[in-house]
Amino acid sequence: MAKEDLVELKFRIFDGTDIGPNKYEPSTTVASLKEFILAQWPQGKDIAPRTINDVKLINGGKILENNRTIAESRVPVGELPGGVITMHVVVRPPVLDKNSGTLFVL
């Protein structure tokens, strides 16, 4: 694949910190992107995802599905040719079980 066919993405987490940018093949799945985010998650954050199911990726106001590719998930409106696409990362926070005082992730 030609280098110019790669999609450049960065991931913005809840506190404004960015992961990336990095370049990806358009055939890369959303699940693979989430695995990358987990591996690159900044240390010392109060809220951190444990699995890809704890992470939601949002692009252009759309929550992206794990089994879809970047090419299928892109929202081309407003993208600049050769520009970096920012995807927002939402982390499902743990929930406190009132009976046992244990934290659970929904």
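**A mixed sheet, its helix and some aromatic pairs**

Strand 3 (residues 55–59) and strand 4 run antiparallel and are joined by 2 bridges; strands here are DSSP runs of E with at least two residues, helices are runs of H or I with at least four, and both are numbered from the N terminus. This is a predicted model, in which local features need pLDDT of at least 70, side-chain atom pairs count only at pLDDT 80 or more, and totals for chains, interfaces and linings use all residues. Residues are numbered from 1 along each chain as its sequence is written, and side-chain values use heavy atoms, with hydrogens and water left out.

Zooming out, 5 strands make an open sheet with mixed pairing, in the order 2-1-5-3-4; two strands pair if DSSP finds at least two bridges between them. At the edges sit strand 2 (18–24) and strand 4 (62–63), each pairing on one side only.

Now for the helix. The buried residues of helix 1 are Val30, Ala31, Leu33, Lys34 and Ile37 (buried is under 20% relative accessible area, exposed over 50%, partly exposed in between, with a 1.4 Å probe and protein chains only). Seen down the helix 1 axis, these buried residues fall within an arc of 155° (taken from the directions from the axis to the C-beta atoms), so they line one face of the helix.

The structure also holds 4 aromatic pairs (rings of Phe, Tyr and Trp, its six-membered ring, with centres within 6.5 Å; planes under 30 degrees apart are stacked, over 60 edge-to-face, the rest tilted). One of them is the edge-to-face pair of Phe11 and Tyr24, at 6.2 Å centre to centre and 65° between the planes. Phe11 and Tyr24 are both buried.
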